[in-house]
Each structure stands twice: as structure tokens, then as C-alpha cells.
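Subject: Structure handover and findings

Hello,

Here is the structure we talked about. Please open it and keep it beside this email as you read.

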Amino acid sequence: MKYKLRDNLGRENLLKDISELKGFLSQPFENWMEGSGDSAITVKKDEQMIFFKIEQGVFLMQHPDYLSPLFDRDNDKSVIHYVGGEPMIIPEKFLCSEEITIEILSRYIESGTLHNAYQWLEIYE
């Protein structure tokens with residue numbers, strides 16, 4: 001299972017297993033305040049799974065469809081994270097733990113599909 005990881009500093013690496021991703025994700029959330037503010041995994045030519053870690057949790061989004069897994073339907077709070085220098089408003093209901101992030105990204109890397117145990121919604125609806 002090989003996949004390409006682009007980190008928040010724009011470096012691209014071809015990785016061989018999920019342990020390398022776990023190490024990357026375990027870095028403090030302050031690291032995502034540098035560079036572009038986000039990272040991405042590419043397994044398909046025209047699609048990415050974008051993610052970043054903030055103090056409140058981890059945000060994942062399939063691009064180009066802007067689909068994110070929903071975790072807390074009743075939470076109407078939002079946070080701001082800067083991606084590419086621009087503020088991005090993130091509904092907290094789309095934030096998850098590192099453990100769930102690894103589960104979702106592992107499925108995406110292995111199959112190229114979104115994890116079907118979660119409801120995926122377009123974040124701007």
C-alpha cells in the first residue's frame with residue numbers, strides 16, 4: 001500500500017505504510033499553523049483527502065467534493081483555521097480524534113473509498 005503524503009510545508013513523500021502517517025499525525029497541533037496549514041493524501045489522480053489537526057481535533061475533507069465525516073450532529077459551534085493563508089470556518093461537528101482519523105485514512109489509502117461507517121456531508125451545506 002503506497003500513497004503520497006503532502007505535508008503542510010508542501011513536501012511530498014511516497015509512503016509505504018500507515019505507521020509513517022501515525023507518526024506524522026502525532027505531531028502537536030501547532031505544527032499545522034505553519035506553511036499551508038493543511039496536509040493531503042493522494043491515492044487517486046483527481047482526488048485527495050485533505051486533513052489538519054487543530055486544538056479541538058482533526059478535520060478531514062475529501063476534495064474535490066468537500067465531503068467530511070459528521071461526528072456531532074448537535075454541535076453548532078465553529079472554529080477558524082488558516083489554510084493557504086485564508087481563514088477557513090470549520091464546524092466542530094466535523095472534528096474527530098487522531099484514532100478515528102487513522103481509521104478513516106487507512107480505509108481511504110487501502111481502498112480509495114470513504115469509510116462507510118461514517119456519514120459524509122458536504123461541509124458548506
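Predicted model: local features only at pLDDT ≥ 70, side-chain atom pairs only at ≥ 80, totals over all residues.

Residues are numbered from 1 along each chain as its sequence is written, and side-chain values use heavy atoms, with hydrogens and water left out.

**The core**

Start inside. A nonpolar core is a set of buried Ala, Val, Leu, Ile, Met, Phe, Trp, Tyr and Cys residues joined through side-chain atoms within 4.5 Å. Buried means under 20% relative accessible area, exposed means over 50%, and partly exposed lies in between (1.4 Å probe, protein chains only). In soluble globular proteins, nonpolar side chains tend to be buried together.

The largest nonpolar core here has 34 residues. L5, L21, I41, F51 and F59 touch the most other members. Helices (H or I, at least four residues) and strands (E, at least two) are DSSP runs, numbered from the N terminus.

Look at F51. Leaving aside neighbours within four places in sequence, its contacts (heavy atoms within 4.5 Å) include L5, L21, I41, F59 and L105.

**The largest pocket**

A grid search found the pocket. On a 1 Å grid over the protein atoms alone, a pocket is an open set of points where a 1.4 Å probe fits, with protein on both sides within 12 Å along at least five of seven lines; lining residues have an atom within 4 Å of a point. The largest pocket has a volume of about 170 Å³, counted as the space filled by probe spheres set on the points, which are joined across faces, edges and corners.

Of its 17 lining residues, M33, I54, I80, H81 and Y82 are the closest to the centre. Strand 7 gives the most to the lining, with 4 residues. The lining divides into 7 nonpolar, 7 polar and 3 charged residues. Ala, Val, Leu, Ile, Met, Phe, Trp, Tyr, Cys and Pro count as nonpolar, Asp, Glu, Lys and Arg as charged, and the others, Gly among them, as polar.

**Single residues**

H81 lies in strand 7 (residues 78-83). H81 counts as buried because its relative accessible area is 6%. Its side chain reaches the backbone oxygen of G37 at 2.7 Å. Not counting residues up to four places away in sequence, H81 touches M88, among others.

M88 is found in strand 8. M88 is buried, at 12% relative accessible area. The C-alpha atoms of M88 and S78 are separated by 9.9 Å.

R6 lies in strand 1. Is R6 buried or exposed? R6 is buried, with a relative accessible area of 18%. The side chain of R6 reaches the backbone oxygen of D38 at 3.4 Å.

E20 is found in helix 1. E20 is partly exposed, at 35%. Its side chain reaches the backbone nitrogen of K16 at 3.0 Å.

Last, Y66. It sits in the loop between strand 5 and strand 6 (67-69).

Best wishes

Terms used: Polar contact = N/O pair within 3.5 Å; in protein donor to acceptor, adjacent residues only side chain to side chain.
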